[in-house]
Amino acid sequence: MKNRLLICTTPTQVIFAKAAIKKLQKMNVRKCRDYILIIHPELSRDNKKLIHKLAKKLDYAGVLDFTGEILNSYLKITTNIRRNIYLGNINKYFQNTYREYYNLQKKINIIVKDKIGNVDAVFYRDNYAKIDEFFITSLDNINKFYEIEDG
């Protein structure tokens with residue numbers, strides 16, 4: 001069975017992605033397990049609870065919340081990138097920050113593979129931000145990408 005992943009920043013995306021999933025199920029007889037990956041740094045606790053509640057109600061296979069340590073590491077790295085470029089420390093950026101960035105992406109990929117297995121398809125919001133791109137490019141061997149509305 002194949003796995004699909006929603007890169008999620010708001011509760012409405014859970015609903016929009018499920019509508020797209022239902023449409024895909026009508027077009028394709030192959031069954032998939034659908035998961036949610038919460039990534040937004042400013043998502044409130046109530047919104048996270050709502051995402052979990054919607055996921056359960058809409059029969060998602062699970063929810064992974066990366067708004068803790070992983071997201072804090074990402075924000076620290078991006079802050080370092082901006083600061084080092086601003087200060088003219090380009091060598092330091094290439095030597096340290098890029099390595100941290102790459103290692104964090106590898107860590108994300110390992111965690112996702114460990115928790116849900118290989119991901120065949122990714123749903124992401126239209127007009128996505130750098131943070132969405134970071135998580136999407138962290139995953140290996142994605143065959144399909146689906147853009148969904150963001151509210």
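Over the ring of which residue does the charged end of Lys18 sit? The ring is that of Tyr60, whose centre is 4.9 Å away; a charge counts as over a ring if NZ of Lys or CZ of Arg is within 6 Å of the ring centre and within 35 degrees of the ring normal.

1. Basis. This is a predicted model, in which local features need pLDDT of at least 70, side-chain atom pairs count only at pLDDT 80 or more, and totals for chains, interfaces and linings use all residues. Residues are numbered from 1 along each chain as its sequence is written, and side-chain values use heavy atoms, with hydrogens and water left out.

2. Helix α1. Residues 11-27 form helix α1 (helices are DSSP runs of H or I with at least four residues, strands runs of E with at least two, numbered from the N terminus). Its 17 residues reach 25 Å from first C-alpha to last, close to the expected 24 Å (1.5 Å times one less than the number of residues).

3. Faces of α1. Lys18 is among the buried residues of α1, along with Pro11, Gln13, Val14, Ala17, Ile21 and Leu24 (buried means under 20% relative accessible area, exposed over 50%, partly exposed in between, with a 1.4 Å probe and protein chains only). Seen down the axis of α1, the buried residues fall within an arc of 135°, so they line one face (the arc is that of the directions from the axis to the C-beta atoms). Lys23, Lys26 and Met27 are exposed on the other side of α1. The buried residues pack against β1, β2, α2 (45-57), β4 and β5 (contact means heavy atoms within 4.5 Å).

4. Strand β1. Six of the seven residues of β1 (residues 2-8) are buried. Leu5 stands opposite Tyr35 in β2 and opposite Val122 in β4.

5. Aromatic pairs. There are five aromatic pairs (centres of Phe, Tyr or Trp six-membered rings within 6.5 Å; planes under 30 degrees apart are stacked, over 60 edge-to-face, the rest tilted). Tyr74 and Phe134 form a tilted pair, 4.5 Å centre to centre with 40° between the planes. Tyr74 lies in α3 (residues 69-87) and Phe134 in α5 (residues 130-138), so the pair ties together parts 60 residues apart in sequence. Both Tyr74 and Phe134 are buried.

6. A stacked pair. Phe123 and Tyr146 are stacked, at 4.9 Å and 25°. Phe123 is buried at 1% relative accessibility, whereas Tyr146 is partly exposed at 23%.

Technical notes:
Pairing = 2+ DSSP bridges.
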